[in-house]
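Please look over the sequence and structure before reading on.

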Amino acid sequence: MAAISVRDVAATAGVSVGTVSNVLNRPDKVSASTVERVQAAITELGFVRNDAARQLRAGRSRSIGLIVLDVANPFFTDVARGAEDRAAEEGLTVLLGNSDENPGRQSAYLDLFEEQRVHGVLISPLGDVGDRLSRLRARGTPTVLVDREIADRSFSSVAVDDVAGGYLAVSHLAAIGRTRIAFVGGPHSIRQVVDRLEGARKAVAEHPGVVLETIDTDSLSVLQGRTVGEQLLTRPAAERPDAVFAANDLLAIGVLQALNMLGDVRVPRDIALIGYDDIAFAAAAVVPLSSIRQPSALIGYTAVDLLLREAEGGEDFEHEQIQFQPELIVRESTAG
């Protein structure tokens, strides 16, 4: 006799497979009457939860593949730590791949993880990889987007509202009286950069007299930030911005290093500075850095949890988009 499956329970209860998965894993998301109906079906059928199924699907390795944009960024280190914590609870391990903001390396890691038949893939994607991920999923490898959403909701995702984050940052700069704001970030193939810039523009539109320039970078690194800072120092004082919103904290730290170490421009006296991510180094900078905080470890933990539930639900799982809200952290770099 075949084992009773989640699909059997769903059919008996008259609900979707995704609803059964929620009753088993997140009953707070389901109405009490539906929980009662599903539990009655479980009792009637004698369904026993299969922990092997919870580890995604039989015949695969006990590892989850995680691809991040830049392993040198402490934000992604914290995401990986959160993912490891959740995976360890299920006896799984996390294999970390660093795309280094390089589409070729990203593709190579996806090929590698598919060849190794990992339980599933978590990815902070670079560019439009929807078709590639769809093929991966069609071959039986569940996929969850990390720190990124997709408009058509065809993939589950765990992210932060980066448009809201960009809006918070520039609204704060405008509130302290800064009117010439520079957005520093790139490349624009990274969706988070685009969304943070969009939020910045929304804030500028609400503050008459405030203008925004964009300074593109090739990567989100300290070195790139330092280069931008050095370029700002070559401008006449009247042509410099009076505030900088950097797309992440590494860029902001690089800008800060250049301004404070190589010139007589001071933060925040001459240029206020705010970053994004609120990594540990932000608070420890020579001028403590204001930033937009993301719950990095929680993002990783939640992404693995969602991947496990998606795998258990199979093809009928109702994809979920979990979005956290960012938080403004004010420190000395934007004081006054």
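How much space lies in the largest cavity? About 100 Å³ of space lies there.

## Basis

This is a predicted model, in which local features need pLDDT of at least 70 and side-chain atom pairs count only at pLDDT 80 or more, while totals for chains, interfaces and linings use all residues. Residues are numbered from 1 along each chain as its sequence is written, and side-chain values use heavy atoms, with hydrogens and water left out.

## Cavities

Rolling a probe the size of a water molecule over the atoms shows where empty space is left. On a 1 Å grid over the protein atoms alone, a cavity is a set of points where a 1.4 Å probe fits but cannot get out; a pocket is an open set with protein on both sides within 12 Å along at least five of seven lines; lining residues have an atom within 4 Å of a point. Grid points are joined across faces, edges and corners, and a volume is the space filled by probe spheres set on the points.

The whole structure holds two cavities of 30 Å³ or more. Around the largest cavity are 15 lining residues, and Leu 69, Asn 73, Phe 76, Arg 196 and Leu 220 lie nearest its centre. Helices α5 (74-89) and α9 each supply at least two residues of this lining (helices are DSSP runs of H or I, at least four residues, and strands runs of E, at least two, numbered from the N terminus).

## Second largest pocket

The second largest pocket contains about 170 Å³ of space. Its lining includes Asp 147, Arg 148, Arg 191 and Gln 323. At least two lining residues come from each of β5 (156-160), α8 (162-175) and α9 (191-205), with α9 giving the largest share, three residues.

## Helix α6

Helix α6 (residues 103-115) has 13 residues and reaches 18 Å from its first C-alpha to its last, close to the 18 Å expected at 1.5 Å a residue (the expected span is 1.5 Å times one less than the number of residues). Its buried residues are Gln 106, Leu 110, Phe 113 and Glu 114. They cover an arc of only 100° around the axis, so they sit on the same side of α6; the arc is that of the directions from the helix axis to the C-beta atoms. Buried means under 20% relative accessible area, with a 1.4 Å probe and protein chains only. Their cover includes β1 (63-68), β2 (93-98), β3 (120-123) and α7 (130-138).

## Asn 22

Asn 22 belongs to helix α2 (residues 17-25) and is buried, with a relative accessible area of 12%. Leaving aside neighbours within four places in sequence, Asn 22 is in contact (heavy atoms within 4.5 Å) with Pro 27, Val 30, Arg 309 and Glu 320.

Terms used:
Buried means under 20% relative accessible area, exposed over 50%, partly exposed in between (1.4 Å probe, protein chains only).
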